[in-house]
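Here is a short note to read beside the model. Keep the sequence and the 3D view open, and check each point as you go.

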Amino acid sequence: MQRRDGKRTVALALQNSATVEIVNGVIVVDKPAGMTSHDVVNRVRRITGNRKIGHLGTLDPLATGVLPLVVGRATRLAQFFTTSDKKYDARIRFGYATDTYDREGEPTTEPMEPRFTREDLEAALGHFRGKFMQTPPPVSAKKVGGQPAYKLARKQVAVELKPVEVTVFALDLVEFGEGRARVLAHCSAGTYVRAIAHELGTRLGCGAFVDELRRTASGDFTEEQSHTLEDLERLAESGVWSEAVIPAARLLPHFPSAFVDATTAGNIRQGKDFRVSPFRSQPNAKFVKAVGADGELVAIGEARLPHLYHPVLVL
């Protein structure tokens with residue numbers, strides 16, 4: 001009899017082991033608050049019995065929402081997702097600042113009553129739209145000397161993070177009142193909503209921090225596609241957890257698909273170039289997905305000549 005305490009039993013792992021090698025794709029997890037991204041990865045590994053799982057970009061422990069996990073050989077595709085845009089639904093609280101730029105940090109300013117109007121806030125938000133240089137929070141996953149900044153911060157080691165260019169495509173104020181605001185953000189990879197909240201507080205002279213944060217989209221992955229950990233456990237207990245996986249061939253939809261026969265697929269796996277019919281490909285496509293007759297992704301090809309591609313990544 002299997003336990004239902006959130007830890008997968010050996011029986012459940014064995015139940016899923018037969019499919020581990022053939023399941024390649026992405027599971028979009030609806031990350032709960034209080035867990036690190038690595039915690040989620042470990043939990044899904046236990047749930048599915050599949051060790052080959054990684055995430056496509058971290059979410060703060062405070063945050064909830066879209067956390068795409070790559071499964072099986074699809075982990076090799078991670079390099080193509082590093083620049084994906086993100087969308088967030090953020091609740092910002094005004095009145096003091098914290099050392100982590102969110103509600104879990106220690107206050108760094110004295111509490112005060114916010115005294116600004118909605119118009120003042122709209123004007124301040126305007127400074128964070130478009131391209132600008134942003135300094136990451138001191139408690140972040142940014143590497144300093146090979147170590148994440150948050151680990152150094154825990155050791156009370158002062159770090160100096162360099163500003164990086166980010167782009168905020170949209171930053172919309174949807175709720176405001178009683179010293180709080182709800183903001184919807186669409187931004188480039190590497191943008192910290194916590195840093196925007198902190199800087200807003202500085203501009204408005206009262207301090208601010210992120211009280212709640214939910215990621216609603218990461219690249220092509222949305223919250224409508226997401227599964228809670230409880231959902232995944234129920235699927236695993238029924239032996240159908242792979243139903244939650246978006247197959248590798250459906251990933252990277254902006255890369256056109258080129259369907260190849262078994263002989264061509266074999267040649268591709270040996271590193272040989274392959275041709276794509278001009279009638280089946282998009283003109284000037286830099287990358288194409290070579291898809292086998294079974295519907296499985298074989299490789300990502302990069303253009304060498306018109307309609308001639310070289311496999312740069314083979315699954």
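1. **Strand E10.** Start with strand E10 (208–218). Nine of its eleven residues are buried, so E10 is largely enclosed by the rest of the structure. Buried means under 20% relative accessible area, exposed means over 50%, and partly exposed lies in between (1.4 Å probe, protein chains only). Helices (H or I, at least four residues) and strands (E, at least two) are DSSP runs, numbered from the N terminus.

2. **What you are looking at.** This is a predicted model: local features need pLDDT of at least 70, side-chain atom pairs count only at pLDDT 80 or more, and totals for chains, interfaces and linings use all residues. Residues are numbered from 1 along each chain as its sequence is written, and side-chain values use heavy atoms, with hydrogens and water left out.

3. **Partners of E10.** Two strands pair if DSSP finds at least two bridges between them. Strand E3 (residues 64–71) runs parallel to E10, joined by two bridges. There, Gly65 stands opposite Arg215. Strand E4 (residues 86–94) runs antiparallel to E10, with nine bridges. Ala90 has Leu213 of E10 as its bridge partner.

4. **The hairpin.** E10 also pairs with strand E11 (residues 221–222), in the antiparallel sense, over two bridges. Ser218 faces Phe221 of E11. Two residues lie between the strands of this hairpin, and Gly219 takes a positive phi near 60 degrees.

5. Gly205 sits in the loop between H5 and E10. Is Gly205 buried or partly exposed? Gly205 is partly exposed, because its relative accessible area is 48%. Now find Phe94. Gly205 and Phe94 are 111 residues apart in sequence, yet their C-alpha atoms are 9.6 Å apart in space.

6. **H3 against H5.** Two packed helices are described by the angle between their axes and the distance between the axes. Helix H3 (residues 118–125) packs on helix H5 (residues 193–204) at an angle of about 125 degrees, with the axes 10 Å apart. H3 is therefore oblique to H5. Axes are lines fitted to C-alpha atoms, for helices over the stretch in contact, and angles run from 0 to 180 degrees between N-to-C directions. Angles under 35 degrees count as roughly parallel, over 145 as roughly antiparallel, 65 to 115 as roughly perpendicular and the rest as oblique. Asp120, Leu121, Ala124 and Leu125 of H3 make the contact with Leu200, Arg203 and Leu204 of H5. Contact means heavy atoms within 4.5 Å.

7. **H2 against H6.** Compare helix H2 (residues 37–48) and helix H6 (residues 229–237). Their axes come within 10 Å and cross at roughly 15 degrees. H2 is therefore roughly parallel to H6. On the H2 side are Val40, Arg43, Val44 and Ile47, which meet Leu229, Leu232, Glu233 and Ala236 in H6.

8. **The open sheet.** Five strands form an open sheet with mixed pairing, in the order E13-E15-E16-E17-E14. Strand E13 (257–259) and strand E14 (274–275) are the edge strands, each pairing on one side only. Helix H7 (residues 262–269) packs on the sheet and touches E14, E15, E16 and strand E17 (308–314). The direction of H7 makes about 75 degrees with that of E16. Strand E15 (residues 287–291) and strand E16 (residues 297–305) run antiparallel, joined by five bridges. Val288 stands opposite Gly301 in E16.

9. **Two residues to check.** Most residues other than glycine have a negative phi, and most peptide bonds are trans. Tyr101 has a positive phi, near 70 degrees. Tyr101 lies in the loop between E4 and H3, and counts as buried because its relative accessibility is 14%. His307 also has a positive phi, of about 70 degrees. His307 is in the loop between E16 and E17, and is partly exposed because its relative accessible area is 34%.

10. **Whole chain.** The chain has seven helices and 17 strands. Of its 315 residues, 47% are buried. Among contacts between residues at least 6 apart in sequence, 69% join residues at least 24 apart.
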